[in-house]
Amino acid sequence: AESKDMVFRPAVLFNSVRVWLLSMPLTTRIVLLFIAIAYPLHTEVGCLNPSLVIYNLQVHRIFTYAVCHVDVIHLLFNLTSFLTIARRMERDMGSTRFGCTVFLLSTTVALLYITFAIFGRIALREWSAFDSCVAGFSGVLFALLVVFVYQFAVTETIRLLGVVPVPSTAYPWILLVIFQFLPRVSFLCHACGIIAGFAFVHGFLAPAQLSTNAILAIERFVVIRSLVGINGFVANTESRLPVSAAKADVPLPAVAATTPTPSSSDI
């Protein structure tokens with residue numbers, strides 16, 4: 001009997017993981033799996049290094065930095081934080097719009113980071129951000145967090161780390177300060193995430209967003225239409241994005257980006 005239990009345990013574990021994954025909205029599931037699968041990608045290859053983007057034209061780093069993580073703890077921390085808010089946001093926004101939003105915010109964070117790094121290089125001459133690498137999904141998480149607390153929740157307070165109630169609009173800023181006490185954390189990347197989130201909330205990124213008609217047209221394509229039948233796909237039948245600020249009395253994620261430098265042993 002004991003040997004049979006040993007045989008069936010992997011199958012039970014696989015089924016549990018499968019059920020857990022299928023319980024997620026589709027885009028949340030895809031992003032989670034993509035980041036997990038991309039973990040073996042070495043941070044030196046995919047991290048966001050402004051000097052390499054500018055001088056070597058390694059533009060791919062604008063899109064790959066968010067899926068690079070320096071260790072398993074870094075990866076799991078950011079994935080757990082992502083799940084905390086992504087499921088609610090996708091169910092409200094729809095799968096297609098949420099996927100576009102994640103991509104837009106990720107790209108915006110990278111472009112802001114490069115812009116500030118260039119400015120710092122010119123103004124401060126030796127500012128390290130221009131020559132260092134930043135890796136991790138947390139810049140995007142800060143952006144999503146700002147969007148969430150202003151547009152997707154229902155009360156005025158959030159429990160910091162699930163314990164201390166704080167004003168929801170202050171939550172991203174409190175996390176920004178708290179995480180500066182952790183080693184190898186990128187203040188600039190997190191700050192760019194907050195700025196990108198506010199740019200989204202206040203409509204500055206509207207020209208780069210797809211309209212509801214465009215979203216509906218995309219979902220009518222044969223390839224996308226086939227996804228509608230997949231478990232977890234949230235169709236966009238109308239504009240799901242709330243226009244009023246709202247808050248959530250729920251424990252929201254704590255996010256931490258690691259910033260490996262060229263001299264770090266992590267890359």
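**View 1. Burial of C189 in the predicted model.** In this predicted model, C189 is buried, with a relative accessible area of 2%. The closest cysteine sulfur to that of C189 belongs to C192 and lies 6.8 Å away, too far for a bond.

View 2. The relative accessibility of C100 is 31%.

**View 3. The disulfide between C47 and C133.** One disulfide is counted in the model. It is formed by C47 and C133, whose sulfur atoms are 2.1 Å apart. Distant parts of the chain are linked by this pair, the two cysteines being 86 residues apart. C47 lies in the loop between α3 (43–46) and α4 (50–55), and C133 lies in the loop between α7 and α8. Both cysteines, C47 and C133, are buried.

**View 4. The largest nonpolar core.** This core comprises 63 residues, and F137 and L144 have the most contacts inside it. Two or more residues each are given to the core by α2 (26–37), α6 (72–93), α7 (95–124), α8 (138–151), β1 (157–160), α9 (171–178) and α10 (187–201). The most is given by α8, with 11 residues. In soluble globular proteins, nonpolar side chains tend to be buried together.

**View 5. Contacts of L144.** With residues up to four places away in sequence left out, L144 touches F82, I85, M89, F98, V102 and L105.

Definitions and conventions: Residues are numbered from 1 along each chain as its sequence is written. This is a predicted model: local features need pLDDT of at least 70, side-chain atom pairs count only at pLDDT 80 or more; totals for chains, interfaces and linings use all residues. Side-chain values use heavy atoms; hydrogens and water are left out. A nonpolar core is a set of buried Ala, Val, Leu, Ile, Met, Phe, Trp, Tyr and Cys residues joined through side-chain atoms within 4.5 Å. Buried means under 20% relative accessible area, exposed over 50%, partly exposed in between (1.4 Å probe, protein chains only). Helices (H or I, at least four residues) and strands (E, at least two) are DSSP runs, numbered from the N terminus. Contact means heavy atoms within 4.5 Å. A disulfide is a pair of cysteine sulfur atoms within 2.5 Å.
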